[in-house]
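Student: Could you take me through this model, beginning with the helices and then moving on to the strands?

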Amino acid sequence: MTIILRRARSTDAGTIGSILHGFALENDWMPELHSCAETIAFCGRMIDLEWVTVAETEAGVVGFLALDGREIHSLYLDASVRGRGIGRQLLDHAKSARSELSLYAFQNNARACRFYERNGFAEVARSDGADNDENLPDIRFVWRSEDVING
């Protein structure tokens with residue numbers, strides 16, 4: 001499978017919004033706070049801010065990463081392509097442009113937490129979720145390029 005990483009276009013909002021909304025639907029621990037249409041509109045705003053890189057195959061857009069400065073706001077893949085290295089490619093692309101990255105992952109999302117740890121991120125804090133919209137306990141992860149060199 002050939003993966004192309006590219007800057008998102010406004011026409012990608014529907015696809016990435018569906019991927020993001022689908023994640024909430026497939027995880028019973030994740031509250032569904034927004035409709036699919038609201039999620040698509042939110043993704044359109046992230047695209048307008050030029051935060052979003054998409055992963056595209058011959059089948060179309062299958063995942064995306066939204067990066068605001070050094071903060072990874074979102075990294076989601078269509079369920080059909082998880083575990084194939086596409087998330088790592090998106091993450092490596094973000095790492096290539098920064099010396100430090102940070103993000104939050106929900107504690108219930110064990111798969112994501114393991115993924116970030118395998119890719120050089122270190123846990124730096126935990127919270128009870130009072131500061132996120134979902135009110136779910138989360139973990140703050142940080143990656144620094146020197147962590148890889150000194151690791």
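Tutor: The conversation below covers the helices, the cysteines and then the paired strands.

Student: What should I know about the model before we start?

Tutor: This is a predicted model, in which local features need pLDDT of at least 70 and side-chain atom pairs count only at pLDDT 80 or more, while totals for chains, interfaces and linings use all residues. Residues are numbered from 1 along each chain as its sequence is written, and side-chain values use heavy atoms, with hydrogens and water left out.

Student: What is the span of α1, end to end?

Tutor: From its first C-alpha to its last, α1 reaches 20 Å with 14 residues, close to the 20 Å expected at 1.5 Å a residue. The expected span is 1.5 Å times one less than the number of residues. Helices (H or I, at least four residues) and strands (E, at least two) are DSSP runs, numbered from the N terminus.

Student: And which residues of α1 are buried?

Tutor: They are Ala13, Ile16, Gly17, Ile19, Leu20, His21, Phe23 and Ala24. Buried means under 20% relative accessible area, exposed means over 50%, and partly exposed is in between (1.4 Å probe, protein chains only).

Student: What covers them?

Tutor: The cover of the buried residues in α1 includes α2, β2, β3 and β4. Contact here means heavy atoms within 4.5 Å.

Student: What comes in the loop after that, between α1 and α2?

Tutor: Asn27 is found in that loop. Asn27 is buried, with a relative accessible area of 16%. The Asn27 side chain reaches back to the backbone oxygen of Phe23 at 2.9 Å. A polar contact is a pair of N or O atoms within 3.5 Å; within protein, one must be able to donate a hydrogen and the other to accept it, and residues adjacent in sequence count only if both atoms are side-chain atoms.

Student: On to α2, then. How does its span compare with what it should be?

Tutor: The 13 residues of α2 (residues 36-48) should span 18 Å at 1.5 Å a residue, and the end C-alpha atoms are 18 Å apart, which agrees.

Student: Which α2 residues are buried, and which are exposed?

Tutor: Thr39, Cys43, Gly44, Met46 and Ile47 are buried in α2. Seen down the axis of α2, these buried residues fall within an arc of 160 degrees, so they line one face of the helix. The arc is that of the directions from the helix axis to the C-beta atoms. Ala37 and Asp48, on the other side of α2, are exposed.

Student: What lies over the buried residues of α2?

Tutor: Their cover includes α1 (13-26), β2 (52-57), β3 (60-68) and β4 (71-77). After α2 comes Glu50, whose phi is positive, near 65 degrees.

Student: How many disulfides are there?

Tutor: The structure holds zero disulfides, a disulfide being a pair of cysteine sulfur atoms within 2.5 Å.

Student: Now the strands. How many bridges does β3 have with β2?

Tutor: β2 and β3 pair in the antiparallel sense over six bridges, and they form a hairpin with two residues between them. Two strands pair if DSSP finds at least two bridges between them. Thr53 stands opposite Leu65 in β3.

Student: And β3 with β4?

Tutor: β3 and β4 run antiparallel, joined by six bridges, with Ala66 opposite Ser74 in β4. Their hairpin has two residues between the strands, and Gly69 takes a positive phi near 65 degrees there. As for cover, eight of the nine residues of β3 are buried.

Student: What does Ile72 touch?

Tutor: Ile72 lies in strand β4 and counts as buried at 4% relative accessibility. Leaving aside neighbours within four places in sequence, Ile72 is in contact with Leu65, Ala66, Leu67, Leu91, Leu101, Ser102, Leu103 and Phe121.

Student: Last one: which strands does β7 join?

Tutor: Seven bridges join β7 to strand β5 (residues 100-106), antiparallel, and five join β7 to strand β6 (residues 122-127), also antiparallel. In β7, Arg144 is the bridge partner of Glu100, and Ile139 is that of Arg126. Five of the seven residues of β7 (residues 138-144) are buried, so this strand is largely enclosed by the rest of the structure.
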